[in-house]
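Here is a short briefing on one protein model. Look over the sequence and the structure first, then read on.

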Amino acid sequence: MSFRVWSYLAPLTLTVSVLGQETPSFGPQELSFFENNVRPILKSNCDACHNPTNRSSGLSLDSRENVLKGGKRGPAAQPGVPADSLLIRAVEQTSDLKMPLGRPRLADQDIATLRQWIDQKLPWSVTKNDGKPRNWDHWAFQAPKRPAVPL
Ligand code: HEC
């Protein structure tokens, strides 16, 4: 390949790989797993106390970015490592931190779903209702470039 062609391609390849490190690309199955199974659990059990306007302990669970950012104790989840994820320890109620606060423990099935989600590196489908412009831009930029590669 001639130098001329490379000089066009190199910056492009670099851009794609740098962005790829930030957020893995998720296939449609992972995204619908999030949408149908994970989002409803967060919505009905956690959202009231962990949203952008009410961040209990600094934690908002309204976007992938904010889950990774976490709260006062640090990241709420380690992508791919449920056992090291604060969120999982909290819902399993194995330490002093017991979530959801003041409510019944989640069903085992729901905890398993959250574990699977973190195992999959936290796929998150951004909907137009999420009101998160930065995240939305980010995902929209990647999706057409890296379609459906299962991890
Ligand atoms: C009724 C309000 C309420 C609900 C519902 C709730 N939380 Fe919390 N959460 C809190 C409060 C308050 C704290 C801080 C507790 C503390 O520091 O001891 C907290 C702390 C946390 C933390 C630690 C954050 C940090 O870095 O300090 C995690 C993780 C967490 N919650 C996850 C969840 C998850 C997952 C759910 C849903 C299954 C949930 N919470 C539901 C109120 C709530």
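This is a predicted model. Two stretches need care when reading it. In residues 16-21, pLDDT stays under 50, and the model has two contacts there beyond four places in sequence. In residues 132-136, pLDDT also stays under 50, with nine contacts beyond four places in sequence.

**Confidence overall**
- The average pLDDT of the protein is 84.
- A score of at least 70 is reached by 74% of the residues.

**Fold**
- The protein has six helices and zero strands.
- Read from the N terminus, the order of elements is α-α-α-α-α-α.
- α5 covers 108-119 and α6 covers 133-142, with a loop between them.

**Packing and contacts**
- The protein has 151 residues, and 22% of them are buried.
- Take the contacts with a separation of 6 or more: 53% of them join residues 24 or more positions apart.

**Trp124**
- Trp124 sits in the loop between α5 and α6.
- Is Trp124 buried or exposed? Trp124 is buried, because 25 other C-beta atoms lie within 10 Å, and the cut-off for a buried residue is 20 or more.
- Beyond residues up to four places away in sequence, Trp124 touches Phe34, Ser63 and Arg64.
- Phe34 and Trp124 are 90 residues apart along the chain, yet their C-alpha atoms are separated by 6.1 Å.

Technical notes:
Residues numbered from 1 in each chain as written. Predicted model: local features only at pLDDT ≥ 70, side-chain atom pairs only at ≥ 80, totals over all residues. Helix = DSSP H or I, 4+ residues; strand = E, 2+ residues; numbered from the N terminus. Buried ≥ 20, exposed ≤ 12 C-beta atoms within 10 Å, placed from the backbone. Contact = placed C-beta atoms within 7 Å. pLDDT = per-residue confidence, 0-100.
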